[in-house]
Amino acid sequence: MSSLQQHKDCPLRLEKCSNEACEKLVNIEELEKHLKEECRYRKIDCRHCENRITIADQKTHYDEHCQRIPVECPQHCRNKFPREEIQHHVDEECEKTLIDCTFKPLGCVAKVERGNLRDHEVDMVHEYLSQAVQDINNLGQEKQRMSEEIKQLQDINNNLTQELRDLNEQEEARINIIDSDLQEFKEQGTIRLDDVQRATEQNFENARLTVEQNGEFQETLLCMQQDLGHLRYITIPEIQATCVSHQAEHKKLTKNQDTLQKMIIAVHNKLKSAIESLRDKMDAGLDTLRKAHEEERAARLEHEAGTAEEISRLHQDISENRRKFEKVEVALTITQEEMKEGFSEHCKQMQLDYDNVSRMIKKERQSRENDFVQVSEDISQMNSINTGVFIWRVNNVDGKLESVQSKAKPLYGQAFYTEPYGYLLQPKLFFDGARLTDQGYISLFIQIVQGPFDAILKWPFAKRIRFSLIEQESKRLKRNIEKVLIPAADADELRRPSDDANNGFGIYKFVSHEVLRAGRYIVDDVMFIKIEVLEEIEQNGHSETM
């Protein structure tokens, strides 16, 4: 029971990966390696925005979410910017962005690339300058027409004011006449009534005295009394009522005069307001037009100044080139005859030189061929005395890691011998794994190549292979990544090659891209892989084959 308790620490016991979303069960002894190198859900730092992401989400993060990763301008201006700055570049800077022409207020509806805007303005400035002049002339005519209308309105206003003034004077004269007549009538009517009354009373008194003296006039006296009563109670009240009616009419006329005067003032104020509003609109329109004209004139002057400067420079260049041409022409004229005289002799000398050079080239080619044969023999001899250690220099690593085509195809190294007159081996690697499940890793293999000494060697191949990824320029103790490959005795890949080379055997997950980039394993786009052939072992081993 105690042994079973102790065996709970068995290195082959399976444990679930601690990374979130990873469901894989791993041996305890391989768990640390799985967490650091193999798990697709382990966290890494984005090399652009420094956010923490998982290996599984790395591609999606780079393609969609990372705001600091450089991306190409969507308008193909051949510039790259961080994704979060690309919209500002398109809106404010990109020379391929279509923007409105500067002459849009003058009627230009063209959309021009920002980089071509200046050329477009130069091409269109004459047309829209003519249009601006035409608009100015039209506005001047409109101003003149409106000034004439304002003058006509002012004349109408003056005529109406004069007519109202005349009507007012006529009405006042009429009212004064009525007041005078009414006053005179009142004064005369009152005097005449008093005189009639006094005369009637006097007559009546005289008649009474006469009647008293003479009874014959009794009837006449009665008639006179009746006339006096009719005058007092009928005629005089009627005259008084007529006076009151005239006074009421006078008040009504006075009120109508006040109303008419108010109407005249209101009409005058309305006309004055309309005229001032119209004048303000005209002034605003003329100011806008004047400002546009001044801006256009400034732009035209600036363009003309630049054009004049360019023309002046071109004239100077033309004059300078003309002087140079004249000098060259003179020099050519002077030397032409000399060249004609020496040409024949020169041709003869060139033919002699050509013959000499041809002989020298032929001699040099023969010497190089002899040297090449000697070098080939030396190389063959050097390969035949190989010590079993090969250092593989791999160039353009970053480009191959990024290239889809390079990831799919293996990269072969130079073949080498395990020992003098030994096995001929050739290294081979895949930058993104030899299988789909190995993506994100470098797969490293050895394949046995047909060699000149295979007939005297021991088969199957049983020697161990040590792969070492060398850390470069490290100031501390080098942290090379080393793995030993122990071949399995029954693998077909270890038998004597019947073709040019056997299939390779090796390690599918030699090193991850993350670890490869984290250390000093790639310097100046170069990495070094050391391959050592070790002594064979007696016990059966195992190897991964492809």
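Visitor: In which sense do β14 and strand β15 pair?
Guide: This is a predicted model, and in it β15 covers residues 481-485. Five bridges connect that strand with β14. The sense of the β14 and β15 pairing is antiparallel.

Visitor: How many bridges join β14 to strand β17?
Guide: Strand β17 takes in residues 527-536, and β14 and β17 run antiparallel. Across from S468 you will find K530 in β17. The number of bridges joining β14 to β17 is six.

Visitor: Why is β14 largely enclosed by the rest of the structure?
Guide: Buried here means under 20% relative accessible area. F467, which lies in β14, is buried. The strand has seven residues, and β14 is largely enclosed because the number of them that are buried is five.

Visitor: Which ring does the charged end of R435 sit over?
Guide: Let's look at two charges placed over rings. The charged end of K509 sits over the ring of Y441, 5.3 Å from its centre. For R435, the distance from the charged end to the ring centre is 3.7 Å, and the ring is that of Y508.

Note on methods. Residues numbered from 1 in each chain as written. Predicted model: local features only at pLDDT ≥ 70, side-chain atom pairs only at ≥ 80, totals over all residues. Heavy atoms only, no water. Helix = DSSP H or I, 4+ residues; strand = E, 2+ residues; numbered from the N terminus. Buried < 20%, exposed > 50% of the residue type's maximum accessible area, 1.4 Å probe, protein only. Lys NZ or Arg CZ within 6 Å of the ring centre and 35° of its normal. Pairing = 2+ DSSP bridges.
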